[in-house]
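Hi,

Here is the structure I promised to pass on.

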Amino acid sequence: MNKLNKLKKDKMTKEIAERLIQASISMEEDILDDLQTQHQGLSEAEAKKRLETTGKNEIAHDKTPAWYIQLLACFKNPFILILLFLAAFSYFMDDDIEAVVIITTMVTISVIITFTQEFRSSRTAEKLKAMVKTTSAVTRQSAQKEIDMELLVPGDIIHLSAGDMVPADVRLLQSKDLHVGESALTGEAMPVEKLDTIPRGTLKMYNKPHNKPLNALELNNICYMGTNIISGSATGVVLSTGSDTYFGSMASTLVGKPPLTSFDKGIKSITFVLVRFMMIMVPIIFVINGFTKGDWWDALLFGLSIAVGLTPEMLPVVVAGNLAKGAATMAKNKVVVKRLNAIQNLGAMDILCTDKTGTLTQDKIILEKHLDITGNENKKVLEYAYLNSHHQTGLKNLLDVAVLEHAELNQITGVEDNYIKIDEIPFDFNRRRMSVVLEKKGNGHTLVCKGAMEEVLGICSYVEENGAYIPLTEEYINKVQSLVDHMNHDGLRVLAVAVKHSGAREEAYGVADEKELVLVGFLAFLDPPKETAKTAILALKENGIEVKVITGDNEAVTRKVCKDVGIKINDLLLGSAIDELTDEQLAEVAERTTVFAKVNPLQKARIVRVLKSKGHTVGFMGDGINDAVSLKEADVGISVDTAVDIAKESADIILLEKSLMVLEQGVIQGRITFGNMIKYIKMTASSNFGNVFSVLVASAFIPFLPMLPIHLLIQNLFYDISQLSIPWDRMDKEYLRKPQKWNAKSVSRFMIFIGPISSIFDITTYALMWYIFSANSIDHQTLFQSGWFIEGLLSQTLIVHMIRTEKIPFLQSRASAPVILLTALIMGLGIFIPFSSFGSSLGLEPLPMSYFPWLVVTLLCYCVLTQIIKKWYIRKFNDWL
């Protein structure tokens, strides 16, 4: 997404927010007039007309390209394009069919593997992107009916009830006991109470410019698209649909080309280094050969074969193979990898930003404590709360469900059999409490009240302490308030429980009877952390990853969860302060801050963006609508099994297990994948540099080509085949303990220092063939070329074992069986070729047996010298792979 588009979309989101605020503070009649609708609903003709104007009620999303577009995209790799150019040149200018076949084989293998993996993963993503088709209850032409959610238009009168997903942005006209779950949109774990009235003081606050601005996501008479009805019912008017909703505006930011990730930038920088090196060295070799040999055409063909040799043509194959192997391994651990590149980004990640609700926590309310007024656990308090929740009629809210489940765990169930329900005083939003009246074996009536702390405390005249009823004095009020404040500070939501005993009576009970109650205790609720959250965060920390919490929930709840899961709060930044900071200031603050609370979706994405600007590889883990933009902005977006559809669509990786420990396994797999990729790049780069250096020396002093172009192609193909086993190689444990990132400078330095080692032994091989075996004339050039062909291929293949580890190969660190077997096979084939008829057709000849002791000594010396320089290099630069 370019900067202009981003500004446009940010402006659109602000306009939508302003529109929602205006609708919230407007009178019902004014809203209906603005939308040109009425309580009886729209006519079908008018609805159809509006549908043509506004479009279907669906959010914007990227479309998966056709298979042939995906296939063509696989050819965009610069190395593939270079090889195709060289193949075309070889065919049209020299009619070299063998070279064309070899180069085409390399390209075909690379493209097929890359396309297969990308096509398969995109098809999986398609299934995850599909939105669930739902219907909505609407009133049209005074008749209520169900229609497809996609057919809703602004001005429709809709009806909401428990279990419904809110299908658009809606202004409430009527509501009854309405609780809405907004955790997917705002991060708030607790259900939000919704009313059909304009909140008192809102209009005054809105009209005074010096007052704190209203938050578009905290309007209690607006229901937002993508949220869900927990309890109660309501009627409302549709304000906006599709991309014009708050949810839709967020989704629209997900459409288009995603920002470059750490993987993309790394591959790009490495590619530039290798291509630049090729562009410099090939002309030099061409000119030197042209002047020394006098045959400029042969010099050009030899230069092009060197270009093929310098091209890490198997890089796409090795990268795709490593990523595919990583994806397969992660799939066994119940992790879906939607975008293969994300595996390496996971290994490079040094900061993980995570949402709280549903990610670190279970997104489920539980009853944590049931205390008397002294702050001690009290079974009687739980018993009263259970009787209240059990006997209430209607749909029980999440807090009631938590009480009933906790009572069952504490074996309280069954106590209701001792009571007969006499009456009920239902919950309403003004009182914020509900009461039931019970009778126990003819011993009078007991009114049990449960509700918001301040509301219940206001109707109490006594407290129960150690079985005695004591007047509620100012001292007790302060004591109770202190206890509740302490629990609120710990992120607990507190309800009060009070009772009143009276004689039996015939008259019905009402709100007037809720007075002179006895406060017996408190209920404290929370959204508990996932069982594996603390262990997973500790494991991530040990692996060099800093965890930052970015949530829409409040500060107290966030602090409590962070404490429970072991996240140290260095600094805590609220969303209200973020907008006052420039990107540069926020980047500085974000690096040292571990917790961000009360942030909106765009602020979340901005935090991720500024952390990336400081050179960090940033992961984001979330499961809600409010996380979707951040998931796409991050280098690697991680979602969980219970996430909403748009979060899964935006994510690169989805954890299917509830255990967060699979995240650590994914990080380790990402580092293994990166390690194996960087092995190939450094092996190939250093080996190719050494070969070029050797060719330069040979071109300057030897009167014939040290190796024919076809020899170089065959040698290169064999070496590349030996690399195909790298995805199955293992990495040293020490390497896996810290994040691993692309470093083009490290590759260049490695190439310059390690590459010439092989050249030393190439030159000794020249001397061996020239002086010992007398291959020092054009008549004996095939013997010379055969000797260097074998030594070059074996040393190039052997370097795999030397470079793959910082330790001593074979003794302290051994490659995996596939690597050992394939490299041994290639070395064996390399020795065999000059003795075969195939070798003869290529211009090679059998070598005398006396050559092989010299070969063994050369390779042993090569290994020893490489190991010595390796140790020096690690001490000098504190770097290897």
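Below is what I found, going from the whole chain down to single residues.

One thing to keep in mind is that this is a predicted model.

**The whole chain**

The protein chain has 881 residues, and 56% of them count as buried. If you take the contacts between residues at least 6 apart in sequence, 75% of them join residues at least 24 apart.

In soluble globular proteins, nonpolar side chains tend to be buried together. Here the largest nonpolar core has 138 residues, and the members that touch the most others are L346, I638, I653, L655, W742 and Y851. The element giving the most to this core is α25, with 16 residues. Apart from this core there is another one of 28 residues, with V456, V463, V480 and A496 among them.

Leaving out neighbours within four places in sequence, Y851 is in contact with L768, M769, F773, G787, I790 and E791.

**Helix α18 and what comes after it**

Which residues of α18 are buried? In this helix, which covers residues 533-542, they are A533, A536, I537, A539 and L540. These residues sit on the same side of α18, because they cover an arc of only 160 degrees around the axis. As for partners, the buried residues of α18 pack against β9 (351-354), β18 (546-550), α19 (555-565) and α25 (661-701).

Past the end of α18 comes G544, which has a positive phi, near 80 degrees. I545 is in the loop between α18 and β18. Is I545 buried or exposed? I545 has a relative accessible area of 3%, so I545 is buried. Not counting residues up to four places away in sequence, I545 touches M349, D350, I351, L352, L540, V667 and R671. L540, one of the residues I545 touches, is also among the buried residues of α18. There is also a C-alpha distance you can check by eye: I545 and G619 are 74 residues apart along the chain, and their C-alpha atoms are separated by 9.9 Å.

**Salt bridges**

Side chains of opposite charge can pair when their charged atoms come close. The structure holds 28 salt bridges, and these are some I looked at:

- K598 pairs with E218, with 3.0 Å between the closest N and O atoms. K598 is in the loop between β20 (595-597) and α22 (601-613), and E218 is in the loop between α8 (202-207) and β6 (222-223), so this bridge ties together parts that are 380 residues apart in sequence. K598 is partly exposed at 36% relative accessible area, and E218 is partly exposed at 49%.
- R505 pairs with D513, and here the closest N and O atoms are 2.9 Å apart. R505 has 27% relative accessibility and counts as partly exposed, whereas D513 is buried at 15%.
- K682 pairs with D879, with the closest N and O atoms 3.8 Å apart. This pair links distant parts of the chain, as K682 is in helix α25 and D879 is in the segment after α31, 197 residues apart. K682 is buried, with a relative accessible area of 1%, and D879 also counts as buried at 17%.

There is a network too: salt bridges link E44, R140, K145 and D156.

**A patch on the surface**

Last, something to look for on the outside. L825, L829, F832, F835 and M849 form a nonpolar patch on the surface, and together they have about 490 Å² of accessible area. Where does M849 sit? M849 is in the loop between α30 (837-841) and α31 (851-877). Its relative accessibility is 58%, and over 50% is the cut-off for exposed, so M849 counts as exposed.

Methods: Residues numbered from 1 in each chain as written. Predicted model: local features only at pLDDT ≥ 70, side-chain atom pairs only at ≥ 80, totals over all residues. Heavy atoms only, no water. Buried < 20%, exposed > 50% of the residue type's maximum accessible area, 1.4 Å probe, protein only. Helix = DSSP H or I, 4+ residues; strand = E, 2+ residues; numbered from the N terminus. Arc of directions from axis to C-beta. Contact = heavy atoms within 4.5 Å. Patch = residues over 30% accessible without salt bridge, like charges linked within 9 Å, V, L, I, M, F, W, Y side chains within 5 Å. Areas by Shrake-Rupley, 256 points an atom, 1.4 Å probe, with all protein chains shown as cover. Salt bridge = Lys/Arg side-chain N within 4 Å of Asp/Glu carboxyl O. Core = buried A, V, L, I, M, F, W, Y, C linked by side-chain atoms within 4.5 Å.
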